[in-house]
Amino acid sequence: MTDSILNIELLEKSFGGNKAVDEASFAIERGKITGLIGPNGAGKTTCFNCIAGNIVPDNGSITFNGDDITELPPHKIFKLGISRTFQIPQELTMLTVQENLMLASKNQLGERFYNNWFLGKRIGEQESNLQSRAIEVLSTVGLADKALDLAGTLSGGQRKLLELGRALMEEPELVLLDEPNAGVNPKLANQLVAKIKELNKTLKITFLIIGHDIDVVSNLSDRLVFMSAGKVLLEGSPDEVLNSSIVQDAYLGSQYRE
Ligand SMILES: Nc1ncnc2c1ncn2[C@@H]1O[C@H](COP(=O)(O)OP(=O)(O)OP(=O)(O)O)[C@@H](O)[C@H]1O
Ligand SMILES: [Mg+2]
């Protein structure tokens, strides 16, 4: 029997008359890397937004470790152990790389003024814990030498590494990566793929990854879920999915035919 960490059942989300996600069901296996693929507008990012709580679906359910999280707000979902990156990086350009990571933490007592007033010492300790965690994560994603640079000075690829770092700050169980390789040069892209594999292996983090480059995603993933026009049409091993005529006809064109 497979052990799923996340279950999506008959998920639906429309924007106006457009069914972005249309009765989509799939499961994500614990400890595995799952690739979510499909043409532009298939509904992949909308699924991510529903899982992470950024959008409330119209119908259907999402369970994480057996708990229903369908209607929870993003910060509660984050606290349960799901973190995400965005298709368009969300870093604060006028803060340093390290500060961006520290801000991604969920334990920021300092953001409340009365905490500042009563808990000055604790906040000091917490800041320094956060700072050491940020430095640790920066070396994990290969940005240690950029810690004190303004995030706005990073290259496109480095911003993607920063996004990954932000998602790792709180030692999540499940990480959702939306197009982690988009706009990243091949050398950095390989580095990113190696990092994801390593994090999956050593820290047992489960990943759900949206990607356009079918070769990269299938090479990285243990399983693939294929969406088209809001529907999940297929899930299985990369071989099963890529060799199916549904995927070849809908998406890949003739290049993958024997
Ligand atoms: N906030 C929104 N308001 C209105 N329509 C939206 C919104 N978000 C997504 N859509 C529409 O929903 C459909 C699915 O979009 P979504 O971004 O989920 O696709 P995707 O699979 O991530 O595509 P891509 O590969 O281009 O990123 C599209 O038709 C899109 O135009
Ligand atoms: Mg998208």
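Quick housekeeping: the model is predicted, so local features need pLDDT of at least 70 and side-chain atom pairs count only at pLDDT 80 or more, while totals for chains, interfaces and linings use all residues. Residues are numbered from 1 along each chain as written, chains are lettered from A and ligands numbered from 1 in written order, and side-chain values use heavy atoms, with hydrogens and water left out.

Okay, ligand 1. It has 13 residues around it, the closest being Asn40, Gly41, Lys44, Thr45 and Thr46; "around" is a heavy atom within 4 Å. By class, that shell holds four nonpolar, eight polar and one charged residues, where Ala, Val, Leu, Ile, Met, Phe, Trp, Tyr, Cys and Pro are nonpolar, Asp, Glu, Lys and Arg charged, and the others, Gly among them, polar.

Now the polar contacts, meaning N or O pairs within 3.5 Å. The side chain of threonine 45 has an N or O atom 2.8 Å from a ligand 1 oxygen. For alanine 42 a backbone N or O atom sits 3.1 Å from one, and for the histidine 212 side chain we get 3.3 Å. Alone, ligand 1 exposes 640 Å², and the protein buries 62% of that (Shrake-Rupley, 1.4 Å probe).

Which element gives the most to the shell? That's α1, with three residues. Both α1 (44–51) and β2 (18–29) supply at least two; these are DSSP runs, H or I of at least four residues for helices, E of at least two for strands.

Notes
Polar contact = N/O pair within 3.5 Å; in protein donor to acceptor, adjacent residues only side chain to side chain.
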